[in-house]
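Please keep the sequence and the structure in view while reading.

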Amino acid sequence: MKVPSETSPLLAELTLEEKASLCLGSDFWHTAPVERLGIPAIMVSDGPHGLRKQPDEADHVGISGSLPATCFPTACAVGSSWDPQLARRVGEALGREARAQGVAVVLGPGINLKRSPLCGRNFEYFSEDPLLSGVLGAAMIDGVQSQGVGTSLKHYAVNNQETDRLRVSADVDERTLRELYLAGFERAVRKARPWTVMCAYNKVNGTYASEHDWLLSTVLRGEWGFDGLVVSDWGAVHDRVAALAAGLDLEMPPNLGVSDTAIVTAVGAGQLDERALDAAVARVLQLIDRATANSEPPPAVDVDAHHALARAAATECAVLLKNQDHLLPLRPTAGDRIAVVGEFARTPRYQGAGSSQVNPTRVDVALEELRAAVPDGVEVTFATGYGIETTDHDQELAAEAVALARQAEVVLVFLGLPAADESEGFDRSHIDLPANQTALLSRLADTNPNLAVVLANGSVVRLAGWDQHAKAVLECWLSGQAAGGAAADLLLGAANPSGRLAETLPLRLEDTPSYLHFPGEAGHVRYGEGIFVGYRGYDALDRQVSYPFGHGLSYTSFDYADLTTDLTGRHQDGDLGVEVTCRVTNTGDRRGKEVVQLYVRDPQASVARPVRELKAFAKLDLDPGQTAVVELALTARDLSWWSTTLDDWVLEGGEFELAVGASSRDLRLTTTLDIAAPPPPATLDAMSTLQEWLADPTGSALLREAVGTDEEGRPKGILGNVELLPVIGNFPISTLAAFPGLGLSHSVVDALIDRVVAI
Ligand code: BGC
C-alpha cells in the first residue's frame with residue numbers, strides 16, 4: 001500500500017467517520033470539507049478542451065449549463081496538430097481559466113485510443129496511436145498544472161466505446177494492454193505526473209476499473225510510480241469498499257450515506273484494512289494541499305488573448321487531405337466571386353456533446369470571417385444547400401446552391417456531422433456523412449469543378465464515394481470556438497495547414513481492424529484484433545485506405561535527405577539508445593510546418609509485430625529554402641514487445657528497419673540497424689514443446705546431452721529422426737516422455753527440468 005511520501009499530520013487527527021467522508025465528494029463537483037480541522041472542499045470541473053464550471057445554483061446533477069469559458073479545439077483536433085508545444089499552451093490557458101474560476105482540478109485530458117471510428121467519444125480523444133496520445137496528453141497536463149491547477153488523466157483504462165459503457169467488460173490480452181491501451185497512460189503518468197487519474201466506467205477483463213487492483217495499484221502506482229489520487233468516473237463505483245481496497249481514493253459523485261457508511265462498517269468489521277483507508281485519505285489531503293498551495297490571487301483572464309490562442313490552435317489542427325491543382329489557398333482578386341455553400345458555414349459545429357460541452361465566450365462564423373478577410377471587390381455569396389437536422393435532399397435548397405456555384409470562380413462547401421450523430425453516451429452505427437450533403441456535392445461538382453470541401457466532424461467520416469468531386473478537402477474536426485476564423489485563415493492562405501491525421505481514414509467501415517469485434521455483446525467486448533489497432537491493422541492486412549495515418553498536405557513542400565543512425569550503449573547495460581537524424585528542407589515558396597515521423601519495424605521478431613509503429617516525431621517550422629536537422633531518439637523500450645511469458649519487455653536482437661517520412665505510407669528514407677541483445681531468458685518446463693527446447697541455446701544443449709549420441713556421434717532417438725521431428729516437434733516434452741523410442745523417458749525429462757530450473 002503506497003502512501004504519499006509527505007503524509008499530512010492531519011491524518012492522525014481524523015476520526016474514522018471523517019476519514020470515510022473524505023473518500024467521497026460532498027456534492028457533484030466538490031470534495032468533502034472537514035470544518036473542525038480546517039480542511040476545505042475543493043472543486044473539480046470538466047473538461048479537456050475548455051472549462052465547464054457549473055454555477056453554484058446549477059442542477060447539481062451536472063447536466064445543465066456552465067459559465068462562459070474559451071472553447072479550445074477538441075482532442076480530435078489537437079491530436080491532429082502533432083504539436084506538444086501547442087497542447088501545452090492550450091493547457092496553460094485552460095489552467096489559467098480554471099484558477100480564475102476557483103477550480104482546483106480540470107477533469108482531463110482523455111487519452112483513450114480510438115479503437116473504432118464508431119466510438120461516440122472519439123472527439124474527446126487524440127489518436128489511434130499510443131505514442132501520439134501519450135505525448136499530447138503529457139503536454140496538456142504540463143500546461144494545466146503549470147498554473148497550479150490539477151488534471152485528471154482519463155479514462156483509465158480501456159474505455160473505447162460508449163455502448164454499455166457502465167457495465168461492459170473490455171476483454172483484452174495483456175500484451176495488447178501494455179503495448180497499446182496502457183502505453184499512453186504510462187507515458188503521461190511518468191512524464192507529467194498528473195495530480196489525479198480518473199478510472200473508467202467499464203470492466204477490464206471482468207473486473208470494474210474502479211475495483212481493479214492490478215490496474216490501480218500494481219501497474220499505476222507500483223510500476224509507474226503514480227503518487228497522486230485516483231478518482232472514479234462519475235458513477236463508476238459499485239462497491240465502495242472493494243474499490244477502496246483496490247486503490248480508488250475518491251468517489252464521485254458521492255453516494256452519500258451509503259458509501260461512507262460501508263467504509264466505516266467494513267473497517268469496524270475488520271473487512272477493510274484501516275491502512276488502506278489511511279492511504280486513500282492521505283492522497284485526498286495531498287490533493288487538497290496541492291490545490292491550496294498557491295495563495296496568490298487568481299489571475300485575470302484575457303478573454304481576447306485566449307480566443308486568439310484558440311484560433312491559432314485551430315489552424316494547427318486542420319488537415320489538408322487533398323489539394324488538386326493547388327486549388328487552395330484561394331487567391332481571389334477584385335471582381336471574383338466565391339460561393340460558400342453549406343449551413344455549417346453559417347451555423348458552425350465546433351465541439352461535441354456531453355460532459356465536455358463548453359459555454360463559449362464567443363463563436364467565429366466562417367462565412368463572416370471569409371467575408372471580412374477577402375480583398376475589396378471580392379464577393380462571397382452564400383447558400384444553405386442542405387438542412388443540418390435532416391438527411392432528406394431538399395431540391396429547392398440544392399437548386400439555389402447550384403445556381404450560386406455556377407456564377408462563382410470557386411465553391412467552398414462546408415460539410416459535417418450533425419451534433420445528433422456523435423456524442424458522449426452512444427456510439428455511431430455508420431461513418432457516413434448525411435446523404436443530403438453528399439448528394440448536393442455531386443451536383444455542385446457537375447456545375448463547377450473548382451470545389452473545396454471543408455469538414456466539421458469529431459470522428460472520422462467516410463470520404464470514398466464523394467471526395468472525387470472535390471479538388472481540395474480540408475478536415476477541420478471540431479476545432480473550438482474560433483474554428484470559423486481558423487478555416488478562413490487556412491482557405492485564404494493567412495495560415496498554412498500543418499495538421500496530420502492522428503487516425504486512419506478508412507475506405508469503408510468494414511475495413512476497420514476492430515470491425516468484427518465492436519461493440520461486443522452480452523456484457524463483453526473482445527479486443528480480438530489485439531495489437532493491430534488503427535494503422536497497425538490496416539498495414540498488417542495490406543488494406544487500401546482513403547488517407548493513411550500521419551497524412552496531411554501543406555501549401556509548401558518538403559524534401560528529406562541524409563538519414564543517419566547512431567547506436568549508443570548496450571541493452572544489457574540498460575543504456576541502449578539510437579539517435580536518428582535527417583535533414584528536412586522546405587522546397588516551396590512559403591513558410592510551413594512539416595511533421596517528421598519515425599516508424600520502426602522488427603522484421604525478425606519471434607512474435608507477430610506490426611509492419612511499422614510510430615516511435616518518434618517532430619514538428620518543424622521552416623521558411624522557404626530553410627533546412628533543419630531533425631534529431632529523434634529511440635530507447636530499448638521503443639524496440640521491444642511485451643512478453644506475457646516473461647512478464648516483461650523483450651528486445652530481440654537482430655535487424656530493425658527505421659523509416660522516416662511524411663506519413664505512415666509516405667516513407668521517404670529507410671535504413672536498417674543491427675541491434676545486439678542477449679536472448680531473452682528461456683522459460684522451459686515440462687509443457688514446453690520439443691521445438692521450444694531446441695530453439696533455446698541452453699535448453700537445446702541440455703536436451704542433446706540428455707538424449708545422447710550413437711557410436712558415430714549422431715543424435716539418438718527423436719533428435720536423429722529428421723522425418724518425425726517436424727511432425728511431433730510441437731508436442732510438449734512431458735507428453736513425448738510417454739512415447740517409446742524417442743530417447744525421452746520420464747526420468748530423462750525430469751532430470752532435464754531440474755537442470756534448467758537450476759540455471
Ligand atoms: C464522463 C467524464 C466526466 C464526468 C464528469 C462522466 O460521465 O465520463 O469524462 O469527467 O462525467 O462530468
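## A buried helical residue

Leu 177 is placed in helix α5, which covers residues 174–181. The model is a predicted one, and in it Leu 177 has a relative accessibility of 2%. Because buried means under 20% relative accessible area, Leu 177 counts as buried at that value. Between Leu 177 and Ser 429 the separation is 252 residues in sequence, while their C-alpha atoms are 26 Å apart in space.

His 430 is found in the loop that runs between β14 and α14, the latter being residues 435–447, and its relative accessibility of 35% makes it partly exposed. The C-alpha atom of His 430 is separated by 32 Å from that of Val 197, and the two residues are 233 positions apart along the chain.

## The ligand and its surroundings

Which residues are the closest to the ligand? There are 14 residues surrounding the ligand, and the closest of them are Asp 46, Arg 121, His 155, Tyr 201 and Asp 233. Sorted by class, this shell consists of seven charged, five nonpolar and two polar residues.

In the case of Tyr 201, a polar side-chain atom lies 2.7 Å from an oxygen atom of the ligand, and for Lys 154 the corresponding distance from a polar side-chain atom to a ligand oxygen is 2.9 Å. The side chain of Asp 233 likewise has an N or O atom at 2.7 Å from an oxygen atom of the ligand. Taken alone, the ligand would expose 310 Å², of which the protein buries 94%.

## Arg 121 beside the ligand

Arg 121, one of the closest residues to the ligand, has its place in the loop between β3 (105–106) and α4 (130–145).

A polar contact of 2.7 Å joins it to the side chain of Glu 124, and another, at 3.2 Å, links the side chain of Arg 121 with that of Ser 355.

Helix α10 spans residues 274–292, and its 19 residues reach 27 Å from the first C-alpha to the last, which is close to the 27 Å expected at 1.5 Å a residue. The helix is mostly covered, with 14 of the 19 residues in α10 buried.

Strand β11, made up of residues 337–341, is also mostly covered, since four of its five residues are buried. β11 is joined to strand β13 (residues 379–383) by five bridges, and these two strands run parallel. β11 pairs in the parallel sense with strand β14 (residues 410–416) as well, over four bridges. Val 340 has bridge partners in both neighbours: Phe 382 in β13 and Leu 412 in β14. In a regular strand, side chains alternate between the two faces of the sheet.

## Backbone features in the loops

Where are cis peptide bonds found in this model? Asp 46 is itself among the closest residues to the ligand. Another cis peptide bond runs from Leu 328 to Pro 329, with omega near 0°, and Pro 329 is placed in the loop between β10 (319–323) and β11.

His 326 counts as exposed, because its relative accessibility is 57% and exposed means over 50%. Asp 647 has a positive phi too, of about 60°, although it is not a glycine. Asp 647 lies in the loop between β25 (641–643) and β26 (648–650), and at 48% relative accessibility it counts as partly exposed.

How values were computed
Residues are numbered from 1 along each chain as its sequence is written. This is a predicted model: local features need pLDDT of at least 70, side-chain atom pairs count only at pLDDT 80 or more; totals for chains, interfaces and linings use all residues. Side-chain values use heavy atoms; hydrogens and water are left out. A residue is near a molecule or strand if one of its heavy atoms lies within 4 Å of it. A polar contact is a pair of N or O atoms within 3.5 Å; within protein, one must be able to donate a hydrogen and the other to accept it, and residues adjacent in sequence count only if both atoms are side-chain atoms. Accessible areas come from the Shrake-Rupley method with a 1.4 Å probe; for residues, only the protein chains shown count as cover. Ala, Val, Leu, Ile, Met, Phe, Trp, Tyr, Cys and Pro count as nonpolar, Asp, Glu, Lys and Arg as charged, and the others, Gly among them, as polar. The expected span of a helix is 1.5 Å times one less than its number of residues. Buried means under 20% relative accessible area, exposed over 50%, partly exposed in between (1.4 Å probe, protein chains only). Two strands pair if DSSP finds at least two bridges between them.
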